Amino acid sequence: MNVAAFSAIVPMACVAAAGLVAMTAEAFRAPGERMPIGGLGFIGLAGAALTMLGLWNHNLTSFGVVAADNFGLFVTGVLIVVGALSIAFSGPTIEREGLPAGEYYALMLFAIAGMMLMATATDLLVIFLALEVLSLAVYTLTGIRRGSPRAVEGAFKYFLLGAFSSAFFLYGIAFTYGVTGSTRLDRIGSLVAAQGMAPTPMQLAAVGLLLVGFAFKVSAVPFHMWTPDAYEGAPPAVTGFMSTGVKAAAFAAFARVFLSALYPLRDAWSPVVWVIAAATMIAGTVIGVSQSSVKRMLAYSSIAHGGYLLLALLAGNDVGKGAILFYLLAYAVTNLGAFGVIALLDNADRPNDQVRDYAGLSAGHPALAAAMAIFLLSLGGFPPLAGFIAKWYVFSAAVKAGYTWLAIIGVLTSVVSVFFYLRVVVMMYMTPTETPARFPPVPRLAGAALIVSAILVFYLGILPARVLDWAAASIATIF
Amino acid sequence: MTFPILTSIVALPIVGALLVLALPGGDDEGAATSRRTALAVSLLVFAATLVLWSRFDAGSADFQFTEHHDWIPAFGISYFVGVDGISLLLVVLTAFLTPLALLGSWESVHRRRKGFCAFILLLESAMMGVFVSLDLFLFYVFWDAMLIPMYFLIGIWGYDRRVYAAVKFLLYTMAGSVLMLLAILGLAYLHSTTTGVYSFDLLKLYAIRVPDHLQFWFFLAFTLAFAIKVPLFPFHTWLPDAHVEAPTAGSVILAGVLLKMGTYGLVRFAFPLFPQAAVFFAPALGTLAVIGIIYGALVAMVQPDLKKLVAYSSVSHLGFVVLGLAALNAQGVQGAVYQMLNHGVSTGGLFLIVGMLSDRRHTRLISEFGGLKKGMPHLVAAFLLVTLSSIGLPGLNGFVGEFLILLGAFRADPKMAAFAATGVILSATYMLWMFQRVNYGPVTNEKNAALPDLLPREWATMIPIVALAVLMGVVPNLFLRPMEPSVNRVLARIQQQVPARVRVDRPADHVDALADAAGAPAARGQVAQAEGVR
């Protein structure tokens with residue numbers, strides 16, 4: 001075995017190494033001593049970014065189960081952005097609440113490594129392995145505020161339901177193995193295709209169980225119950241991280257499995273995904289309308305956005321596959337920005353995460369309010385922001401594939417979703433308040449990260465051509 | 001390479017908005033400079049549009065000053081702008097009204113003036129973008145982007161129920177437009193199935209023939225978006241709220257320009273892209289328009305609030321515009337485009353005057369006023385002229401548009417024209433009655449006795465409005481001539497696909513007759529006869 005055989009895993013190895021160093025550093029840290037552990041994360045992510053660029057277009061495979069194809073690398077890139085922004089937004093929370101920085105960053109970096117593995121894995125067992133790596137890290141991060149009953153409740157729910165869904169997923173793998181005798185995606189694909197037209201009950205069971213497993217991870221309705229509680233209990237930066245990173249990794253694997261290996265069974269799973277996508281878009285939006293907590297509102301919004309991604313996945317054509325990638329990036333930048341603002345407003349004595357807490361923010365913190373408005377409008381799909389291009393891309397895919405009704409549901413739910421995004425904008429800009437909530441000052445790093453996200457939101461909205469080309473090139477290498 | 005004048009017109013307000021935001025001083029201290037800067041920028045834009053008009057070749061139906069740059073090549077999306085006779089005039093109207101709107105809210109906006117000026121300029125840019133876009137994707141981007149500044153203008157600087165009105169405005173218009181987005185995507189996809197490549201280029205999409213069953217769905221999706229924006233009865237319920245709660249500048253721009261986007265969309269996109277569906281649905285649109293004319297007028301009549309009255313009068317007047325378009329003949333469509341401009345001038349003027357009254361008295365209830373003529377002769381004189389222009393008195397702008405529309409409607413369906421003509425009578429009734437109650441009679445309320453007359457700043461808003469109203473009434477050909485080839489081209493395209501139903505003839509005959517009638521005293525008799533119909 002030569003060195004080149006390892007190249008496909010170098011990006012995640014960089015991140016994992018940074019995680020290990022962070023954990024070690026924590027062990028040597030005297031109580032109260034400040035260490036720039038977050039900086040380690042940036043170094044690891046920078047290494048991952050460099051190797052990712054080096055691997056681009058080379059289509060290398062390690063051990064036959066990890067493929068650094070452009071699809072996986074694009075998602076790796078999204079995850080690097082997610083990681084960098086999440087680390088930047090974590091600082092204030094860690095400082096204020098005295099969280100163990102080393103553990104926190106180490107868990108986050110391990111989760112990123114797991115996500116990267118999940119996005120590039122081409123074997124069901126490796127996907128499962130990656131899923132567990134990232135899930136265990138994220139369960140712990142959700143409950144890292146040990147003193148908060150809400151955090152514990154959220155983490156516990158997330159853990160129980162997550163473990164439950166892992167079992168489904170594992171069963172799906174077992175059935176798939178039983179049907180085809182392999183866990184490698186390429187072999188599964190060719191064997192399923194060779195087994196003829198009418199799907200057997202065993203095949204259906206395999207597909208169904210895998211579908212449930214993925215649906216849990218992307219929090220599709222009706223497997224979304226854990227999402228609001230987990231999102232509410234976790235520190236804001238972690239919530240942003242979960243809602244974008246976990247989603248990106250899970251959708252990458254979802255697309256890889258269902259659009260390559262299980263594509264021959266498309267007639268069997270597409271009606272189910274149709275219903276799930278419709279239910280996810282509708283339920284995520286409608287329940288989101290009645291939330292009074294911004295974090296819960298964004299949790300339901302993230303469920304609804306999962307529905308749009310499912311729509312792109314269902315469309316399954318070249319436009320749809322590209323749309324998944326672009327959407328993941330646009331959503332990651334936008335949503336992390338929004339959670340970044342929430343993280344910055346989080347005060348020691350008061351979380352400031354209710355919609356009414358935002359009253360008068362535009363007077364107290366004009367820049368933060370403007371940034372939040374930009375992110376929310378982008379989530380709502382207004383041009384010229386990233387969210388508009390992303391939605392437009394998804395709906396083009398749906399129209400092209402003939403899913404007109406689902407596209408109509410999609411655009412209408414996105415109008416309804418605008419209603420709840422606007423509630424926050426109304427609070428920030430149009431509701432005068434006598435007793436403005438006290439907001440802490442903005443640390444430099446987090447402020448810079450907010451500016452970067454806002455610029456990216458505009459960039460992806462106004463000049464998307466280059467990134468769209470990358471996304472299109474990424475799907476050309478596989479499927 | 002020629003100078004990209006259209007891009008400058010679209011981009012200049014954005015640059016101005018950034019400049020205003022970057023000005024030193026807080027949101028309140030920086031106020032004086034910020035509004036002066038914004039006014040200067042908007043005047044500069046107006047000057048640019050006048051240059052555009054002077055260079056415009058009125059004899060050609062083609063799109064002029066076109067600029068074409070690839071934007072998202074993979075999907076055939078490009079930055080493609082250009083103007084023809086129809087959009088040229090709307091661009092000029094937009095640039096004309098924006099400085100007036102800024103002047104109209106000069107004193108009444110007290111808070112966050114910097115933001116206010118920036119949003120007005122951003123709004124201007126988006127409106128310009130809507131009128132000059134020749135790429136459907138680009139058009140949709142501007143169409144939707146425009147909602148945001150308007151939303152903030154109503155929501156932050158509006159009156160008591162501003163938040164409700166702002167959210168209602170945004171959700172209503174957005175709900176209409178998202179289905180249009182799907183139809184646009186469907187069109188682009190259709191283009192790819194027939195030619196192999198995606199395209200959002202309007203001229204290329206004009207060239208494909210949309211299958212019948214799709215035409216109907218696409219037409220409905222487009223028309224829903226435009227009908228909400230117009231607003232056509234029964235999609236008008238957002239309008240009174242938005243108008244009443246918006247600050248003066250918001251109302252002026254909303255009535256003057258935003259509503260025109262709906263009718264502009266019909267004549268630029270919905271009709272020529274889907275001619276068969278347009279012919280099929282034209283009677284239905286005409287019927288809704290007539291209902292809107294009469295309903296809007298009747299509701300306007302009983303309004304106790306000046307602003308609400310003007311808002312409902314807009315529903316009625318825009319009904320005329322849609323009626324003219326639905327007539328699908330040269331007089332009707334020309335009259336409709338002309339009436340779009342008229343309505344912008346006269347209703348813009350009315351909202352400015354209502355703004356002046358409400359600045360002085362902090363109320364807009366008709367019953368609070370009375371006998372204003374004694375204290376404020378100049379303001380009342382301007383008010384009278386604008387009112388008469390809105391009613392459509394011959395010699396002022398409103399007459400030309402309504403006359404052409406009724407002429408066109410009569411040729412398409414005499415019954416509709418007959419019903420619509422009652423709207424002319426009703427509009428005279430509610431406007432004059434309102435005018436009488438506000439301005440004549442004894443001074444019933446002490447507070448009305450000592451109100452100041454027109455201030456210099458208000459003179460500056462009223463003179464252009466009144467001058468333009470007279471100019472458009474006396475020399476309509478100045479405005480009709482450039483739009484004529486473009487209007488004929490739209491109709492020719494419909495006729496080409498649906499030969500039986502559309503008549504394209506020499507509209508210039510009627511136009512000339514009308515111009516003579518309006519201009520020469522000897523021909524007044526004809527006008528009086530036409531007036532006799534009322």
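This is a predicted model: local features need pLDDT of at least 70, side-chain atom pairs count only at pLDDT 80 or more; totals for chains, interfaces and linings use all residues.
**Exercise 1. Size up chain B**

Task: work out whether the radius of gyration of chain B agrees or disagrees with that of a compact globule.

Solution: 
- Start with the length: chain B has 534 residues, and a compact globule of that length would have a radius of gyration near 24 Å.
- Now compare: chain B comes in at 22 Å, which agrees with the globule value.
- For the outline, take the principal axes; the C-alpha atoms fill a box of roughly 75 × 60 × 40 Å.
- Next, burial: 61% of the 534 residues in chain B are buried.
- Then look at contacts between residues at least 6 apart in sequence: 79% of them join residues at least 24 apart.
- Finally, the secondary structure of chain B is made of 22 helices and two strands.

**Exercise 2. Two helices in chain A**

Task: decide whether H10(A) and H12(A) are roughly parallel or roughly antiparallel.

Solution: 
- You need two numbers here, since packed helices are described by the angle between their axes and the distance between the axes.
- Helix H10 of chain A covers residues 236-261 and helix H12 of chain A covers 294-315; their angle is about 15° and their axes are 11 Å apart.
- Angles under 35 degrees count as roughly parallel, so H10(A) and H12(A) are roughly parallel to each other.
- As for handedness, H10(A) passes H12(A) in a right-handed crossing.
- Who touches whom? On the H10(A) side the residues include A:Ser243, A:Phe251 and A:Phe258, and on the H12(A) side they include A:Ser302, A:Gly306 and A:Leu313.
- Sorted by class, the residues of this contact are seven nonpolar, four polar and two charged.

**Exercise 3. A helix pair in chain B**

Solution: 
- Helix H17 (residues 397-412) and helix H18 (residues 414-439) of chain B pack at about 155°, with 7 Å between their axes.
- Anything over 145 degrees counts as roughly antiparallel, so that is the label for H17(B) and H18(B).
- H17(B) brings B:Glu402, B:Leu406, B:Ala409 and B:Phe410 to the contact, while H18(B) brings residues including B:Pro414, B:Met416 and B:Val424.
- The class count for H17(B) with H18(B) is nine nonpolar, no polar and one charged.

**Exercise 4. Where the chains meet**

Task: find which element supplies the largest share of the side of chain B that touches chain A.

Solution: 
- Begin with the totals: 25 residues of chain B are in contact with 25 residues of chain A.
- On chain B, strand S1 (64-72) and helices H5 (136-145), H6 (147-157) and H7 (162-195) each supply at least two residues.
- H7(B) takes the largest share, with 14 residues.
- By class, this side of chain B has 21 nonpolar, two polar and two charged residues.

Terms used. Residues are numbered from 1 along each chain as its sequence is written. Chains are lettered from A and ligands numbered from 1 in the order in which they are written. Helices (H or I, at least four residues) and strands (E, at least two) are DSSP runs, numbered from the N terminus. The radius of gyration is taken over C-alpha atoms; the globule rule is 2.2 Å times the number of residues to the power 0.38. A residue is buried if 20 or more other C-beta atoms lie within 10 Å of its own, exposed if 12 or fewer, and partly exposed in between; C-beta atoms are placed from the backbone. Two residues are in contact if their C-beta atoms, placed from the backbone, lie within 7 Å. Axes are lines fitted to C-alpha atoms, for helices over the stretch in contact, and angles run from 0 to 180 degrees between N-to-C directions. Angles under 35 degrees count as roughly parallel, over 145 as roughly antiparallel, 65 to 115 as roughly perpendicular and the rest as oblique. A crossing is left-handed if the near helix is turned anticlockwise from the far one by less than a right angle, and right-handed if clockwise. Ala, Val, Leu, Ile, Met, Phe, Trp, Tyr, Cys and Pro count as nonpolar, Asp, Glu, Lys and Arg as charged, and the others, Gly among them, as polar.
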